[in-house]
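Visitor: I would like to learn how to read a structure like the one below. Please take it one feature at a time.

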Amino acid sequence: AKRRGRNTLLLFRQDMALAAQTKLRNIEELRRAIDEQQFHLEYQPLISVETGRVFGVEALVRWNHPTRGRVPPADFIPLAEETGLIVSIGDWVLRTACAQAVAWGEEGLRPLTVAVNVSARQFREKGLHASVAAALSKSGLSPERLELELTESAIMEDVPTALFTMNALRGLGVHLAIDDFGTGYSSLSALKHFPVRRLKIDRSFIRDIPRDQDDIAITAAILSMAQKLNLQVIAEGVETEEQLAMLKEMGCKEAQGFLIGRPASPQAVAERLQGEADS
Ligand code: C2E
Ligand code: CA
Ligand code: CA
Ligand code: CA
């Protein structure tokens, strides 16, 4: 038994060493991905429920790995956060999304809001304000067209500091949204003080609508609270006509999800908007 114990320990150590090696390699690859520009952005439409019109897009980062192919954000954003590489990735995302919004305008498309995800780590870094300011000035995008999506948990980590950062960002003229809303624990009293314009109801609450009565109740509560606080609300992850109809009935004015449109290339977004203009 003793011997087996030792073997197990040895195997455990080998596992740890292997895991550490894999991690180092992943970090190395992530670093290279930044240098070699293996990232690109896709854009998912945000619509007004009433009219079905696209009012904005959310930029979503994509990693095309030379051998592994498409690596989903869920598989590399956490490591990027942990290592701080998210700061340079995030900076690139900001600059690219702002430049794209301007490029669409130059193609003659009507002005859209472009929403960009800001990770908890980015939000904590002092350089965020300068990075946003640089993305705006380099692209020439007018600030009110940029919306930064902050997660509830990133804000609640340290409310006074978060408030300071949010107000500074608002000072640039950009808008703020709270992403994955409902999964964290922001108190109503805190919400009142946040300079945000929009809440994004997390997909987990939308998924089982209209079947799940609890999710309907939670969504209704978020909608009524937001209305009282004068906040706009968008439902994330809308996949079916039933969900969209129910949300509309509940007074939800904005939606995003595979039903409405998958994340797509800049060209595909342009074609869709061109189509809307023609019809
Ligand atoms: P998120 O910010 O909540 O983004 C929405 C995610 O839900 C996207 O996944 C999108 O493709 C997916 N989605 C949209 N509609 C539907 C739907 O109807 N059904 C389902 N099942 N999924 C839907 P994606 O692109 O894989 O991104 C996952 C997460 O990775 C994002 O969640 C965000 O937290 C993070 N992420 C993506 N791009 C960036 C980025 O540029 N910067 C940072 N910091 N994080 C990013
Ligand atoms: Ca988001
Ligand atoms: Ca979200
Ligand atoms: Ca989410």
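Guide: Start with a metal site: the calcium ion (ligand 4) is coordinated by Asp-180 (OD) and Asp-202 (OD), at 2.7 to 3.1 Å. Donors are N, O and S atoms within 2.8 Å of the metal (3.2 Å for Na, K and Ca), and water is not among the atoms, so sites may look incomplete. This is a predicted model, in which local features need pLDDT of at least 70 and side-chain atom pairs count only at pLDDT 80 or more, while totals for chains, interfaces and linings use all residues. Residues are numbered from 1 along each chain as its sequence is written, chains are lettered from A and ligands numbered from 1 in the order in which they are written, and side-chain values use heavy atoms, with hydrogens and water left out.

Visitor: Where do Asp-180 and Asp-202 lie?

Guide: Helices (H or I, at least four residues) and strands (E, at least two) are DSSP runs, numbered from the N terminus. Asp-180 lies in strand 6 and Asp-202 in the loop between strand 7 and helix 9 (203-206), so the pair ties together parts that are 22 residues apart in sequence.

Visitor: Is Asp-202 buried or exposed?

Guide: Buried means under 20% relative accessible area, exposed over 50%, and partly exposed in between (1.4 Å probe, protein chains only). Asp-202 is buried, at a relative accessible area of 12%. Asp-180, at 26% relative accessibility, counts as partly exposed.

Visitor: Which calcium ions does Asp-180 bridge?

Guide: Asp-180 bridges the calcium ion (ligand 4) and the calcium ion (ligand 3), and these lie 3.4 Å apart. The calcium ion (ligand 3) is coordinated by Asp-179 (OD), Asp-180 (OD) and two OE entries of Glu-236, at 2.1 to 2.6 Å. Along the chain, the donors of this ion follow the spacing D-D-x55-E.

Visitor: Which residue bridges the calcium ion (ligand 3) and the calcium ion (ligand 2)?

Guide: That residue is Asp-179, and the two ions lie 3.8 Å apart. The protein donors of the calcium ion (ligand 2) are Glu-58 (OE), Asn-117 (OD1), Glu-149 (OE) and Asp-179 (OD), lying 2.1 to 2.3 Å from it. Glu-149 lies in strand 5 (residues 146-151) and Asp-179 in strand 6 (residues 175-181), so this pair ties together parts that are 30 residues apart in sequence. Glu-149 is buried, with a relative accessible area of 1%, and Asp-179 is buried too, at 6%.

Visitor: What does the side chain of Lys-200 make a polar contact with?

Guide: A polar contact is a pair of N or O atoms within 3.5 Å; within protein, one must be able to donate a hydrogen and the other to accept it, and residues adjacent in sequence count only if both atoms are side-chain atoms. Here the partner of Lys-200 is the side chain of Glu-58, at 2.8 Å. Lys-200 is found in strand 7 (residues 198-201) and is buried, with a relative accessible area of 1%. Contact in general means heavy atoms within 4.5 Å. Leaving aside neighbours within four places in sequence, the residues in contact with Lys-200 include Glu-149, Asp-179, Asp-180 and Glu-236.

Visitor: How many salt bridges does a search of the whole structure find?

Guide: A salt bridge is a side-chain nitrogen of Lys or Arg within 4 Å of a carboxyl oxygen of Asp or Glu. The search finds 17. One of them joins the side chains of Arg-70 and Glu-42 (3.5 Å, N to O). This pair links distant parts of the chain, with Arg-70 in strand 3 (residues 69-71) and Glu-42 in strand 1 (residues 39-48), 28 residues apart. Arg-70 is exposed, with a relative accessible area of 52%, whereas Glu-42 is buried, at 12%.

Visitor: Which residue forms a salt bridge with Arg-198?

Guide: The partner is Glu-254, and the closest N and O atoms are 2.8 Å apart. Arg-198 is in strand 7 and Glu-254 in strand 9 (residues 254-255), 56 residues apart, so to read it plainly, the pair links distant parts of the chain. Arg-198 is buried, with a relative accessible area of 3%, and Glu-254 is buried at 9%. Salt bridges that share partners also join Glu-58, Glu-149, Lys-200 and Glu-236 into one network.
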